[in-house]
Amino acid sequence: MQVSSVASESAFSTSGRILEPYRSCLTHYMIEVLMCSEQWMHADIKAAEQVPTNEQMLADVELLDLLEKEFEAQSLDD
């Protein structure tokens with residue numbers, strides 16, 4: 001059974017699907033700007049979806065308190 005019928009060059013190249021030589025009047029610079037902007041917006045959306053819960057934040061604060069106490073105890077011993 002064949003894993004994919006897509007040629008490997010086409011699977012890893014998006015430039016042909018974004019810019020066709022006969023149909024686009026965008027400059028290479030503008031295409032790069034648009035592609036970067038799209039990636040940044042997707043990254044912002046993913047980051048916004050991963051907001052920690054109150055329980056996670058409380059656990060982080062408790063862990064930091066514990067680490068701070070251990071650090072203080074070690075510095076007093078030295």
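**View 1. Q56 in a predicted model, partly exposed at a relative accessible area of 43%.** Partly exposed lies between buried, under 20% relative accessible area, and exposed, over 50% (1.4 Å probe, protein chains only). Q56 sits in helix α4 (residues 54-77). A polar atom of the Q56 side chain lies 2.8 Å from the backbone nitrogen of T53. This is a predicted model, in which local features need pLDDT of at least 70 and side-chain atom pairs pLDDT 80 or more, while totals for chains, interfaces and linings use all residues. Residues are numbered from 1 along each chain as its sequence is written, and side-chain values use heavy atoms, without hydrogens and water.

**View 2. A nonpolar surface patch that includes L34.** L26, Y29, M30, V33 and L34 together have about 460 Å² of accessible area (Shrake-Rupley method, 1.4 Å probe; for residues, only the protein chains shown count as cover). L34 belongs to helix α3 (residues 28-49) and is partly exposed, with a relative accessible area of 45%.

**View 3. The protein chain, with four helices and zero strands.** Helices (H or I, at least four residues) and strands (E, at least two) are DSSP runs numbered from the N terminus. Of the 78 residues, 1% are buried. The chain exposes about 7,800 Å², 61% of it supplied by carbon and sulfur atoms.

Note on methods. Patches are made of residues with over 30% relative accessible area and no salt bridge: like charges are joined within 9 Å, nonpolar side chains (Val, Leu, Ile, Met, Phe, Trp, Tyr) within 5 Å. A salt bridge is a side-chain nitrogen of Lys or Arg within 4 Å of a carboxyl oxygen of Asp or Glu. A polar contact is a pair of N or O atoms within 3.5 Å; within protein, one must be able to donate a hydrogen and the other to accept it, and residues adjacent in sequence count only if both atoms are side-chain atoms.
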